[in-house]
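Hello,

Here is the structure I promised to pass on. Please look it over first; my notes follow below.

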Amino acid sequence: MDFEMQKANLLAENIKDLIKFIYKSHQNQNSFRFNPDKLYQIKLIMEDFKFQIVADELVRINQFDWNKKYTHFLVDQFQEGLTIIDEFVKNNYNDLYLLTARLHTLNSLSRSFNRLSVPPVECEVIGAKINSHI
């Protein structure tokens, strides 16, 4: 479970980095990188889904021991907000294209928690047993 703890801490670190990046970019109003209004929308979505609290809780609960149930709950809560932000960035790609790399990293990290480990199922096919994964 040490690997799962490291994944959770890595996800929390990347969430915190995204929050810092959005806040710094929003404070720098003279920047030509982003449309300030659309960046403000992303900032509001992050505050609405409490990304900072999710990241802090992921670090806290996975600091010493792996808590699968609560970690999956927090990751699911984070994914809800992330899908909204991802859709918003796709709809406003011309103004927010620089965020796609960070969002892709967060998507792949958060999706790694939802992979189900399905045990092999034995199937009988014309008298022969075959191990297959569903």
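Where does Y97 lie? Y97 sits in the loop between α5 (93-96) and α6 (100-111). Helices here are DSSP runs of H or I with at least four residues, numbered from the N terminus.

Before the rest, some ground rules. This is a predicted model, with residues numbered from 1 along each chain as its sequence is written. Local features need pLDDT of at least 70, side-chain atom pairs count only at pLDDT 80 or more, totals for chains, interfaces and linings use all residues, and side-chain values use heavy atoms, with hydrogens and water left out.

**The patch**

Y97 is partly exposed, at 41% relative accessible area. (Buried means under 20%, exposed over 50%, partly exposed in between, with a 1.4 Å probe and protein chains only.) Together with Y93 and L98, Y97 makes a nonpolar surface patch of about 300 Å². Patch residues have over 30% relative accessible area and no salt bridge; nonpolar side chains (Val, Leu, Ile, Met, Phe, Trp, Tyr) are joined within 5 Å, like charges within 9 Å. Areas come from the Shrake-Rupley method with a 1.4 Å probe; for residues, only the protein chains shown count as cover.

**The salt bridges**

The structure holds five salt bridges. Each is a side-chain nitrogen of Lys or Arg within 4 Å of a carboxyl oxygen of Asp or Glu. Three of them are described here.

- D95 pairs with K38, at 2.7 Å from N to O. D95 is in helix α5 and K38 in helix α2 (residues 36-48), so this pair ties together parts that are 57 residues apart in sequence. D95 is partly exposed at 26%. K38 is partly exposed too, at 22%.
- E57 pairs with R60, with the closest N and O atoms 2.8 Å apart. Both lie in helix α3 (residues 51-61), three residues apart, about one turn of the helix. E57 counts as buried, at 18%.
- D86 pairs with K90, at 3.7 Å from N to O. Both belong to helix α4 (residues 68-91), four residues apart, about one turn. D86 is buried at 19%, whereas K90 is exposed at 59%.

**Around N35**

N35 lies in the loop between α1 (2-27) and α2. N35 is partly exposed, at 24%. A polar atom of the N35 side chain is 3.1 Å from the backbone nitrogen of D37. N35 and N94 are 59 residues apart along the chain, yet their C-alpha atoms are separated by 9.4 Å.

Best wishes

Technical notes: Helix = DSSP H or I, 4+ residues; strand = E, 2+ residues; numbered from the N terminus. Polar contact = N/O pair within 3.5 Å; in protein donor to acceptor, adjacent residues only side chain to side chain.
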